[in-house]
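Student: Pick one part of this one and walk me through it up close, please. I'd like to know what faces out, what faces in and what sits around it.

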Amino acid sequence: MAVDIEVVPLEKPEDVNVILGQSHFIKTVEDLHEALAGVGGTLKFGVAFCEASGARLVRRTGNDAALVDLAVAGALAVGAGHCFVIMLRDGFPVNVLNQVKAVPEVCTIYCATANPVQVLVAVTDAGRGVAGVVDGEPPVGVETEQDVADRRDLLRAIGYKL
């Protein structure tokens, strides 16, 4: 059996974060919506889930039509059974990742990022599957003591550390 690898970019504006994962059941889309809506009223999101059998539709939901459309476009581009795409605005993956992972149907999170993402999709005669992701660029060095101080200051300035 042959395997081809396709590189699929997830298209999104710079101010949008993305979570890509795998799940296993049609009710995923509703459970992800409830998990995201439960984190607070300012979070804007769109969710798309690729059914792997039956009607094989991209199921969708969200509280922002543009983000729903972005999530659907990403899910269609990846086209792998049981994958889901969440697009976020006015919040960050770190704010929702535990809630997403706690959804019983969620099997794997491939990435949660604001970076440009390329999805490595394995294609066989049986279908398509996510083999991995390229998330961001490679390092250019190791942080200095000043970089450590800057990192610590930033985390405190944005409220993630006391």
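Tutor: Let's take helix α3, where Val-94 and Asn-98 are exposed (over 50% relative accessible area; buried is under 20%, and partly exposed is in between, with a 1.4 Å probe and protein chains only). Bear in mind that this is a predicted model, where local features need pLDDT of at least 70 and side-chain atom pairs 80 or more, while totals for chains, interfaces and linings use all residues. Residues are numbered from 1 along each chain as its sequence is written, and side-chain values use heavy atoms, with hydrogens and water left out.

The helix runs over residues 93-101, and its buried residues are Pro-93, Val-96 and Val-100. Those three sit on the same side of α3, because they span an arc of only 85° around the axis (taken from the directions from the helix axis to the C-beta atoms). An α-helix has 3.6 residues a turn, so residues three or four places apart point the same way. Val-94 and Asn-98 are on the other side.

What sits over the buried face? The cover includes β2 (17-22), α1, β5 (83-89) and β6 (108-113). Helices here are DSSP runs of H or I, at least four residues, and strands are runs of E, at least two, numbered from the N terminus.

Follow the chain from α3 towards β6 and the loop between them holds Cys-107, which is partly exposed at 48% relative accessibility. Its C-alpha is 5.5 Å from that of Gln-22, although 85 residues separate Cys-107 and Gln-22 in sequence. Leaving out residues up to four places away in sequence, Cys-107 touches Gln-22, Ser-23 and His-24 (heavy atoms within 4.5 Å).
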